[in-house]
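Biologist: Could you take me through this structure? I should like to begin with a helix and then move to other parts.

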Amino acid sequence: MDQVAAGVHQLRIKRFVNVYFVETGTPGEWVLIDTGLPGLDKEIIAAADKLFYPGTHPEAIILTHGHLDHMGSAKELAAHWHVPVIAHPLELPYITAKALYPPSDPTVGGSLAFMSRFFPTQLPDLTDVAEALPLDSEQPPYLVQWRWLHVPGHAPGQIAFFREADRTLIGADAFATTNHESIPAVLLGIPEISVAGAPFNYDWEKCRQSVRTLADLNPAAIGCGHGPVIKGPEAAAGLRKLADNYQLPAQGRYLDEPALTDASGVEHLPPKPADKLPKQAAAIGAGLLLAGAAWLLVGGRRKKRKPSKPGKKYADTTYAKPGRRPGA
Ligand SMILES: [Zn+2]
Ligand SMILES: [Zn+2]
């Protein structure tokens with residue numbers, strides 16, 4: 001667990017995705033921001049019990065956005081703690097099984113785009129526990145010292161959180177604090193303020209604008225959906241640099257024309273680009289990438305393994321199972 005600022009705790013899970021335990025200021029009260037991938041509920045509950053006290057529960061779960069790596073364990077956690085899952089209304093169609101996000105773009109380039117071909121598009125249905133973030137207040141529920149900011153482009157109803165008093169920013173996937181396109185950087189948690197989740201960015205102009213909005217806050221401490229905590233002068237300087245030199249990808253489905261979304265889901269999509277990579281070649285390549293990632297994770301500590309059986313080509317970590325590594 002890493003501290004972003006007073007009362008703001010980051011739990012990095014599987015070296016890949018972060019959730020935040022944020023104290024409200026009232027003793028014993030806190031809110032969980034994001035829930036990681038599916039199957040992480042026990043790990044998150046154990047971390048909360050250790051951080052606060054056994055049997056503690058948050059006042060609510062608030063999602064930065066509804067991609068599977070942020071809402072994956074929300075259903076189980078909400079049931080365990082008997083709390084609502086609050087998200088911006090523009091995210092509700094996707095987390096209540098009424099719509100699918102704009103399709104990921106495997107043609108945008110980079111390793112994450114490459115693997116995005118294998119990420120599931122169906123999400124767990126949170127209908128029973130989902131609540132809309134009230135749009136008539138800048139303050140997120142329970143977090144009286146904070147305000148939320150709408151930062152679309154990566155997900156239509158994505159929100160970031162900012163605490164003015166000490167300029168703490170929870171930046172969601174508006175950007176990342178590690179280079180998403182470098183597997184070693186992601187796994188080793190090398191800090192670098194970077195573009196986040198390129199294959200899921202359905203509106204690049206909005207992405208750029210969202211980064212500018214957050215850079216203008218001059219944050220003193222940053223925690224994002226992916227990557228380590230960044231504090232001190234590098235935080236604002238790194239984000240300003242990204243905002244001023246925001247690199248659009250060289251190609252991609254959503255580059256010239258964004259996907260259009262409304263309150264009920266996707267309204268219009270640019271044409272599907274030809275994905276020249278044959279599925280088999282993509283599968284082999286993804287396997288190699290994932291095996292490389294697994295090797296980085298466990299390399300050096302593992303004894304020599306027996307040759308794999310046919311049909312079980314890849315290392316036996318969760319990273320090697322397509323379908324367990326959803327959208328960034
Ligand atoms: Zn995302
Ligand atoms: Zn993410």
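**Helix, metal site and sheet**

Modeller: On the other side of α8, Pro233, Glu234, Lys241 and Asp244 are exposed, where exposed means over 50% relative accessible area, buried under 20%, and partly exposed in between (1.4 Å probe, protein chains only). Helices (H or I, at least four residues) and strands (E, at least two) are DSSP runs, numbered from the N terminus. This is a predicted model, in which local features need pLDDT of at least 70 and side-chain atom pairs count only at pLDDT 80 or more, while totals for chains, interfaces and linings use all residues. Residues are numbered from 1 along each chain as its sequence is written, chains are lettered from A and ligands numbered from 1 in the order in which they are written, and side-chain values use heavy atoms, with hydrogens and water left out.

Biologist: Which residues of α8 are buried?

Modeller: Ala235, Ala236, Leu239, Leu242 and Ala243 are. Viewed down the axis of α8, the buried residues fall within an arc of 130°, so they line one face of the helix. The arc is taken from the directions from the helix axis to the C-beta atoms.

Biologist: And what should the twelve residues of α8 span?

Modeller: Helix α8 (residues 233-244) should span 16 Å at 1.5 Å a residue, and the end C-alpha atoms are 17 Å apart, which agrees. The expected span is 1.5 Å times one less than the number of residues.

Biologist: Turning to the metal, what are the protein donors of the zinc ion (ligand 2)?

Modeller: They are Asp69 (OD), His70 (NE2), Asp173 (OD) and His226 (NE2), at 2.1 to 2.4 Å from the ion. Donors are N, O and S atoms within 2.8 Å of the metal (3.2 Å for Na, K and Ca); water is not among the atoms, so sites may look incomplete.

Biologist: Why is the arrangement around the zinc ion (ligand 2) irregular?

Modeller: Because the four donor atoms subtend angles of 85 to 160°. Four donors count as tetrahedral if all angles lie between 85 and 135 degrees; four count as square planar and six as octahedral if opposite donors are over 155 degrees apart and all others between 65 and 115; anything else is irregular.

Biologist: Which residue bridges the zinc ion (ligand 2) and the zinc ion (ligand 1)?

Modeller: Asp173 does, and the two ions lie 3.4 Å apart.

Biologist: What does the side chain of His70 make polar contacts with?

Modeller: The His70 side chain contacts the side chain of Asp173 at 3.0 Å and that of His226 at 3.4 Å. A polar contact is a pair of N or O atoms within 3.5 Å; within protein, one must be able to donate a hydrogen and the other to accept it, and residues adjacent in sequence count only if both atoms are side-chain atoms. His70 lies in helix α2 (residues 68-71).

Biologist: Is His70 buried or exposed?

Modeller: His70 counts as buried, because its relative accessibility is 0%. Asp173 is buried at 1%, and His226 is likewise buried at 1%.

Biologist: Now the sheet: in what order do the five strands run?

Modeller: The order is β8-β9-β10-β13-β14, in an open sheet with mixed pairing. The edge strands are β8 and β14, each pairing on one side only. Two strands pair if DSSP finds at least two bridges between them.

Biologist: How many bridges join β8 to β9?

Modeller: Five, and the two strands run antiparallel; Arg147 stands opposite Phe162 in β9. β9 and β10 are also antiparallel, over three bridges, with Phe161 partnered by Ile170 in β10.
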